[in-house]
Amino acid sequence: MSGHSVHHARWEHLTTDELYDIVRLRNRVFALEQRVTAEDFDGRDREPDTEHWWSGTPDAPATGYLRLVRPAADEPHPDATVAPTRVIGRVATHPDHRGQGIAGRLVAAALAEHGHEAFVLHAQQYIAALYERHGFVRFGVPYDEAGITHVGMYRPAS
């Protein structure tokens, strides 16, 4: 993991090179590898409260990525819990850099910044244990999204 640094910025502070590297990574993982046909660019990237978090090295500027957005008014979360104020999404790690803890490091960094808030995410079921290590708990029943089984996960404010 040495040499991987974590960065974050809102839309208006991303450079064109940073945005290009993020778009390439998201395309590589979601479109080319996972064959997701749903539109990746849903307009949420440019919202004022959206934060883009990425990890990279000088040779590989975007090895991992996640996006923090504000939840929709009807964002699902477990009964009897505080409504989330942040949603983690679009988590991606470049295939050549998997197994190095990049996604976990990005989640930890986002939680270090905003852990005083309640979070929700919609995890691909096979990777849910990654989020459980960061205090997320599964809720609801697994569901299909873009042909991939997902599960809702919630983390209360700390």
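Student: Two strands count as paired if DSSP finds at least two bridges between them. With that in hand, which residue of β5 stands opposite arginine 86?

Tutor: Phenylalanine 119. Keep in mind that this is a predicted model.

Student: OK, and how many bridges join β4 to β5?

Tutor: Three, and the two strands run parallel. Between them the chain passes through helix α2, residues 102–114, giving a right-handed β-α-β crossover.

Student: What about β5 and β7, parallel or antiparallel?

Tutor: Antiparallel, over six bridges, with β5 spanning residues 119–124 and β7 spanning 148–155. Histidine 122 sits opposite glycine 152 of β7, and glutamine 124 has histidine 150 as its bridge partner there.

Student: Is β5 mostly covered or mostly open?

Tutor: Mostly covered: five of its six residues are buried, taking under 20% relative accessible area as the cut-off.

Student: Zooming out, what's the strand order in the sheet?

Tutor: It goes β1-β2-β3-β4-β5-β7-β6, an open sheet of seven strands with mixed pairing.

Student: Switching to helices, which strands does α1 touch?

Tutor: Helix α1, residues 16–33, packs on the sheet and touches β2 (51–56), β3 (64–69) and β4 (86–93). The direction of α1 makes about 75° with that of β4.

Key. Residues are numbered from 1 along each chain as its sequence is written. This is a predicted model: local features need pLDDT of at least 70, side-chain atom pairs count only at pLDDT 80 or more; totals for chains, interfaces and linings use all residues. Side-chain values use heavy atoms; hydrogens and water are left out. Helices (H or I, at least four residues) and strands (E, at least two) are DSSP runs, numbered from the N terminus. Contact means heavy atoms within 4.5 Å. Axes are lines fitted to C-alpha atoms, for helices over the stretch in contact, and angles run from 0 to 180 degrees between N-to-C directions. Buried means under 20% relative accessible area, exposed over 50%, partly exposed in between (1.4 Å probe, protein chains only). A crossover is right-handed if, with the strands pointing away from the viewer, the path from the first strand over the helix to the second runs clockwise.
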